[in-house]
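Please look through the sequence and the model below before reading on.

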Amino acid sequence: MIKKINLLLFFIATTIAAMAQKPTFHSLNSNATLIQYHKNKAKQNNHIQLNNRTQSTSTVALSLPFYDDFSYAGPFPDTARWQNSQSVFVNHTKAMAPPTLGVATFDGLNKYGYPYNAAIASNTANTLPSSDSDTLTSAPIRLDSITASSISLSPVDSVFLSFYYQGRGFWDKPEQTDYLNLDLYSPKSNSWTQVWSLGGYLYDPDSTWHAVMIPIIDTSYFHNGFKFRFRNLSGACGDVDHWHLDAVYLNKGRGTKDTMFNAATSAFNDVSFVYDLQSPLKNYSQMPYKQYVGVSDMKDSIGVCLRSNYSYTVSVTSKYNFYDASGAILTSTVNGSNNLSPYNSAGYCNDRAIMHPSLNGYAYPTSTADNSFSMKFFIDNQGIPDINDTITFHQIFNNYYAYDDGSAEKGFGLGSVNGAGNYKTAARFTLNVADTLHAMDIFFDPIIDVNDQKIAPFNIVVWADNGGVPGNIIYVDSLRYPYFPADSAVNGLIKRENSFLRYQFRDSVPLAAGTTFYLGINQIYNLPAITVGFDMNTDFHRNMFYNANGTNWYVFPGDLDVDYRGSLMIRPVFGNYLQTVSIDKYKTVSATIGVYP
């Protein structure tokens, strides 16, 4: 017993020592998805818009009910419902466990993905005075009548505006002076009135979502052209001070206790996935086709998260399909059916047959010229189709390994802690067959003021395995530099602005079958810290390592610290050719969500 206690104490002491030396995360300075979106938009001469959503200035008034749960691909709010609101980011990655798939995120970035105040470093955000940042403004709404029946509306019709909000989500809480405000517009007085406001937090907020019900009772609002808007105040210096919004709902015949779960209104009667579908691969999100060997690389089962926003029990059935590159179904499996109770009373669906079905030994075909496949997971809810009831993962077998899903929620700061050249970080990979390592893809936070970063050299390093941590150095590619939009393609770097950067090695690195290796970087100077993207939606933290003192390697402590659950955005590139890649996650023009790392 004493021996066991001593071993436990040793483990705790070692863990505490490791965590005491662990480096910190940083908020991102920008939004690479928006930057890439506007780059593509400029290249296409404004002829093609993502999801065919262009900025709207329409004055056509909508009728009740008004509802938006932001489940579409984004990156901006639907212009059929919102106007002049491109500063708000619609996404599936930044919020934690939202009521529906997708949220509207308020931060300190403008519609182009850059800080409102680019002269201020985001790491001082907690001491900055807050200023007006994002605005989400509804299209004009008819509150004078129900147009279908020409029945007049008035305060006695119990018109309520409701919504859910969350502070922080996966990363960066709003400070006490960072507000989320709600204003109502009176067509009669041609003026806005603030009716609700919430300040940020001194400590980390809880991760729950909070419902707000606002009664519309002033007669000046009951005219054609009523509007409402949400505004945030932030440090305006980067991807910081997050508020997330979901399930915005305006309708008559409501009460303070319906909290959007009123069966009679049918507006929030919805069974929704909570997160996007992840790869059915067991060990990675993506991998080279040459390395893929079949069933042994696949998960035994797939797992999703589902909640019912109904106020009563409903029957659901789930199934999944695999597709080839042409869209033809390779296999179709019905998982199971059961009754699903409301989330408010029973929480998430816990029926394993529905939510964690077996893959039944399925493997992608290897005897085909196709290198891309798709998996779709469906929920059939009483035969009612809904945008929230289908999630898709696109498997692209290219020439690289990836743990991440292509989206960075925060940055992992690389800066030497105890002296020049001491700080290292790496990700672990294992080859199924012999191959040649040619390059590294890595995501650096794209920022505006890059003068310091551009002269911060680092070494690309490949380490051998040493009992589960990096060991002897196999290869060093020295004196490489972060690349940003103003630079030219030099030193073996393929130009790819505001996305994954591909560093071609000066020498190729042949690796034998079964080799476990570690790929990462060693920052040479103390400052400035080089920020590598960290994806918080795919948790492979046990394959991520850091060395903060030049001697000892530590696995990311995600088992003890939730902030370390995720994946570094570092990818080894193999084979005989090189191809640039993009982090842009939303490439489809349909309403179906797909992940393209």
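The model shown here is a predicted one, and in it strand S31, which covers residues 544–547, pairs with S32 in the antiparallel sense over two bridges. In general, the strands of a sheet are paired through hydrogen bonds of the backbone, and the pairing may be parallel or antiparallel.

Stepping back from this pair, we find an open sheet of six strands, whose order is S26-S25-S29-S23-S31-S32 and whose pairing is antiparallel. At its edges lie strand S26 (470–480) and strand S32 (554–555), each of which pairs on one side only.

Is Trp 196 buried or exposed? Its relative accessibility is 15%, and because buried means under 20%, Trp 196 counts as buried. Apart from neighbours within four places in sequence, the residues in contact with Trp 196 include Phe 163, Tyr 165, Leu 180 and Val 212. Between Trp 196 and Phe 230 there are 9.5 Å from C-alpha to C-alpha, while in sequence the two are 34 residues apart.

Finally, the confidence of the prediction deserves attention: the mean pLDDT of the protein is 84, with 79% of its residues at 70 or more. For residues 485–491, however, the pLDDT is below 50, and this stretch has nine contacts in the model beyond near neighbours in sequence. Residues 579–597 also have a pLDDT below 50, and beyond near neighbours in sequence this stretch has 71 contacts in the model.

Definitions and conventions: Residues numbered from 1 in each chain as written. Predicted model: local features only at pLDDT ≥ 70, side-chain atom pairs only at ≥ 80, totals over all residues. Heavy atoms only, no water. pLDDT = per-residue confidence, 0-100. Contact = heavy atoms within 4.5 Å. Pairing = 2+ DSSP bridges. Helix = DSSP H or I, 4+ residues; strand = E, 2+ residues; numbered from the N terminus. Buried < 20%, exposed > 50% of the residue type's maximum accessible area, 1.4 Å probe, protein only.
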